[in-house]
Amino acid sequence: MTNFDYDLFVIGAGSGGVRAARIAATHGARVGIAEEFRYGGTCVIRGCVPKKLFVYASKFTEEFANADGYGWSLNGTPTFDFDKLIENKDKEITRLEGIYRRNLDKSGVELHDSRAVIEGPNTVRLLSTDQVITAERILVAVGATPNVDAGLVGCEHTITSNEAFHLSEFPKRTIVVGGGYIAVEFAGIFNGMGSETTLVYRGEEILRGFDMDLRTGLHEQMEEKGITVKTKSTIASIEKHEGGLTVTTHAGEVIEADQVLYAIGRRPNTAGLGLEEAGVELDKAGAVVVTPQSQSSVPSIFAVGDVTNRANLTPVAIREGHAFADSTYGGKEWHVDHSMIPTAVFSQPEIGTVGLTQEEAEARFDNIDIYTSSFRPMKNTLSGKPGKMFLKMLVDADTDKILGIHIMGPDSGELIQIIGVTLTMGATKADYDRTIAVHPTAAEELVTMREPTERIRKN
């Protein structure tokens, strides 16, 4: 027994913090958790979950357009009630938050609805009550927050992904600034819902860090769907007037809009948390520097999730929290392997990717076989609508091991989950070749590719 109030105190009740708290409690630890906003964190409250609901809503326009080719006649023009979507989304988020609270409570975790700051290696203060709490270990799981361009003239007229889920009125004209997955997802959402949408990105091509074929392919299909994509462009100023917003780029182009959403990355939410004062090392971005076991430079303080800026994805935060709790309180020592992470981008069309990009593979391997396939999705054949399904497999020609798979098209997110299992197991091209295809599906292309479309040889 110790004189600490808790064995573990968690700051932040998002995906990583909640998992760590629950698992530690089931291992017998005395656990407390503090959350200043809502339980569930960014993903549940104003990230992945409401985003996916908005994606579903935005796809109905395409379903309506495809209906005639399949013999369905819609009586009248379908109408979209944005307020009803917001209302139903809010009900679902409230339901999910309740589940998070109840699950913590059932696990024996004590909940504190307050902002908590660190005052020492074993001490936190709850700002709502000024209560000081001690713990043998502290876990920081406060996530990240959207970046804003504070130096922009008219910055006060912009919104981020946080506010996009709570708009009081649907914008007829929307500008999305950024080129990452959040930006392209929201561009697809607003466009699908009927907003005249422009994506403005400073880089040469969207989705930096993804395979180039996915980047250029998505750019092309976004424009086919009616989104104006402006790369190598930046915003100089935003002026508000009675009719909306006048946006001027540094090149002098003027664009009229009703909303300007900035999705230019996220930063670790460590400001004002007391970490540096407690001796915790932060990197240049403000992220907590941790070991593979999620331990900070202060032995009693740990961190998981986006606040560490390792791999900023909800499932990764959950795994990190689980690994910490198992290793520290359950006698099951393990840590997360960040080298093979399947991920999806819920753009339109959808993207799924796992493993190395072609650029990464070429930098690390001498001999690579590249297999690609591109075709119109079967669903689009009767409707006559445009769109492409794209699949790409990278194989180490010396060992036959699959290095990466990248897909774009309907249900890519669902496909990449199980594909990720195979690559994590070390699948080879021969493993895929001897797998019987499921027909007719898009995924069958992955097991029927016979000849490489490109061979790269360095020796």
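1. Eight bridges connect strand S19 (residues 367-375) with strand S20 (residues 389-396), and the two strands run antiparallel. Within this pairing, Ser373 has Leu391 of S20 as its bridge partner. Two strands are taken to pair if DSSP finds at least two bridges between them. Helices (H or I, at least four residues) and strands (E, at least two) are DSSP runs, numbered from the N terminus.

2. As to the basis of this note, the model is predicted, so that local features need pLDDT of at least 70 and side-chain atom pairs count only at pLDDT 80 or more, while totals for chains, interfaces and linings use all residues. Residues are numbered from 1 along each chain as its sequence is written, and side-chain values use heavy atoms, with hydrogens and water left out.

3. An open sheet of six strands, with antiparallel pairing, has the order S17-S18-S21-S20-S19-S22. Strand S17 (343-345) and strand S22 (454-457) are at the edges; each has a single partner strand, so one side of each lacks a neighbour in the sheet. On average, neighbouring strands of the sheet are turned by 15 degrees against each other, direction ignored. Axes are lines fitted to C-alpha atoms, for helices over the stretch in contact, and angles run from 0 to 180 degrees between N-to-C directions.

4. Helix H8 (residues 212-224) lies across strand S18 (351-355), S20 and strand S21 (402-408), and runs at about 0 degrees to S21.

5. Helix H1 (residues 15-26) packs against helix H9 (residues 314-329) at an angle of about 25 degrees, their axes being 7 Å apart. H1 and H9 are therefore roughly parallel to each other, a term for angles under 35 degrees. Residues making the contact (heavy atoms within 4.5 Å) include Arg19 and Ile23 of H1 and Ile318 and Phe324 of H9. By class, this contact of H1 with H9 has eight nonpolar, five polar and two charged residues. Ala, Val, Leu, Ile, Met, Phe, Trp, Tyr, Cys and Pro count as nonpolar, Asp, Glu, Lys and Arg as charged, and the others, Gly among them, as polar.

6. Arg46 belongs to helix H2 (residues 41-46). Arg46 is partly exposed, at a relative accessible area of 27%; buried means under 20%, exposed over 50%, and partly exposed in between (1.4 Å probe, protein chains only). Beyond its neighbours within four places in sequence, Arg46 contacts Phe37, Gly41, Asn162 and Phe165.

7. His112, in strand S3 (residues 110-112), is buried, with a relative accessible area of 15%. Apart from neighbours within four places in sequence, the contacts of His112 include Tyr6, Phe9 and Leu126.

Conventions. Angles under 35 degrees count as roughly parallel, over 145 as roughly antiparallel, 65 to 115 as roughly perpendicular and the rest as oblique.
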